[in-house]
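Here are my notes on the model, as numbered points. Please read them with the coordinates open.

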Amino acid sequence: MKNILTTAVLVAASASGALAEANLINGNWYGKPVDKIVYTGWGQSGTYNKVTDMTNGQCKFEKVNYDGNLAPLNGEVSWHFRGPMHLKQFAFYTPGSTTKRSLRQSQHQRKHGHAHGHQERAVGDIVTATINGDVVTWVNTFGGPPTDSPAAATPAAEAAKVASQAPKPSPTSAPKVNAGAGNWGRQAYYNAVKGTADSLVFFNNMGGQGSGVFDNNFGNSLSYAASDAGSGSSSPQVLGDILLGDNVEFSIYTDKPCEGNSCGYYRPGSVAHHGFGGESKLFLLEFSAPSSNLKTGFNADMPAAWMLNAAIARTQQYGKCSCWDSGCGEWDIFEVLDAGNTRMKSTLHIGPNSGGESDYFERPLNKEETLKAAVIFDNANKSGHIVKLPSDTKFDATISDQFIADLGSNLAPELTKVFKLAS
């Protein structure tokens, strides 16, 4: 495909109001390479349409309200990856309840945040908290003992019943880390070289191949992914140390199956797990995205890594029977938008407040020279951060508040881009 390159001046490309040069390549604007992108002004309220029924080939919705500093992605999220890409490490962290330090905004400025508050939770909700120094995440049953009484015979109850009978993940959960005060604890971890997957499970959209379902109305549901990610499996498998092919996709959820109504509605017959919860959360990932040199074909040589509201893929990731169209939340972290491009852009899709930057991250084309990055949900400051990390960064079981606060603080100003969401 021939690149059509046009140079133009975009006034809006600079948060300071200064003019900035940007290039139009195959319909997308590109500014300059950066090592950090920050989304500010996130705290909004609104509504989206959640799926309540998928029986008889019909999709039914119900309007729900959302509110919060990072809404609607302040609940559970799932991660999604598309080849050509080689994921080497992935880690999920939550803060201790006494964490007070927020992220530095620049090398000249430090902001001290608030203690991260926790709302009262209903039975079935996901809770992340520090108890006697242990950072733990669980499905709340403390409103009373779990009930064995049968639920009403609704489509949602039938779907939940199916999921509760799903096989337990074979990659066993590691004990939760005692992060202690002033630290973040690693709650899930994948290492490709070691072949380990603790407290997380790999999925793809291959329902009907070993697990999940297929029908002519909604196509393939989620399924457990085989170790090559290109086919389905009857049980959870650890993703191999592999380079994904073009347009091959997989997703990551926690190893906790949806039980009862803990996940809300999801597609009957599908496998369904909880996403990564918590209003404040941190993800570390390491990957490369070498070019396949393909120029034709759907999503050819267009690697991507992104997050979704965890409910989306549990109903229909690609199609109209999900909350995506109504703005329930997607955050594109690293995305190549046309075949062979060496620039990876970021965009946030949350209802009417969607937006993204023309500045971009450089694609890690060399398989042996991976990109390490942090993605932070900074609840105290109503902001989200994507930060390129030093190559020697360790994905340790415990990370200090100071590490979080300092992320990207030593970068030159031109390597950081701040995007303010419209109010």
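**Notes on aromatic pairs and cores**

1. Start with Trp 42. Its relative accessible area is 0%, so Trp 42 is buried. Keep in mind that the model is predicted.

2. The partner ring is Phe 377. Phe 377 is buried too, at a relative accessible area of 0%. The model holds 24 aromatic pairs. Trp 42 and Phe 377 make one of them, a tilted pair with 6.0 Å centre to centre and 40° between the planes. Trp 42 sits in the loop between strand S4 (36-40) and strand S5 (46-53), while Phe 377 belongs to strand S25 (residues 371-378), so this pair ties together parts that are 335 residues apart in sequence.

3. Next, Phe 81 and Phe 250. This aromatic pair is stacked, with 5.1 Å centre to centre and 20° between the planes. Phe 81 is in strand S7 (residues 77-82) and Phe 250 is in strand S18 (residues 249-254), so the pair links parts that are 169 residues apart in sequence. Phe 81 has a relative accessible area of 0% and is therefore buried. Phe 250 has 3% relative accessibility, under the 20% limit, so Phe 250 also counts as buried.

4. Two charged side chains sit over rings. Arg 343 lies over the face of Tyr 360, 5.8 Å from the ring centre. Lys 345 lies over the face of Tyr 30, 5.2 Å from the ring centre.

5. Now the cores. The largest nonpolar core contains 48 residues, and Trp 79 and Trp 331 have the most contacts inside it. S25 supplies the largest share of this core, 4 residues. Another core, of 14 residues, lies apart from it; Ile 376, Val 387, Phe 395 and Leu 407 are among its members.

6. Last, the chain as a whole. It has 3 helices and 28 strands. Of its 423 residues, 52% count as buried. Of the contacts between residues at least 6 apart in sequence, 68% join residues at least 24 apart. The accessible surface comes to about 18,000 Å², and 51% of that belongs to carbon and sulfur atoms.

Terms used: Residues are numbered from 1 along each chain as its sequence is written. This is a predicted model: local features need pLDDT of at least 70, side-chain atom pairs count only at pLDDT 80 or more; totals for chains, interfaces and linings use all residues. Side-chain values use heavy atoms; hydrogens and water are left out. Rings of Phe, Tyr and Trp (its six-membered ring) pair if their centres lie within 6.5 Å; planes under 30 degrees apart count as stacked, over 60 as edge-to-face and the rest as tilted. Helices (H or I, at least four residues) and strands (E, at least two) are DSSP runs, numbered from the N terminus. Buried means under 20% relative accessible area, exposed over 50%, partly exposed in between (1.4 Å probe, protein chains only). A charge sits over a ring if NZ of Lys or CZ of Arg is within 6 Å of the ring centre and within 35 degrees of the ring normal. Contact means heavy atoms within 4.5 Å. Accessible areas come from the Shrake-Rupley method with a 1.4 Å probe; for residues, only the protein chains shown count as cover. A nonpolar core is a set of buried Ala, Val, Leu, Ile, Met, Phe, Trp, Tyr and Cys residues joined through side-chain atoms within 4.5 Å.
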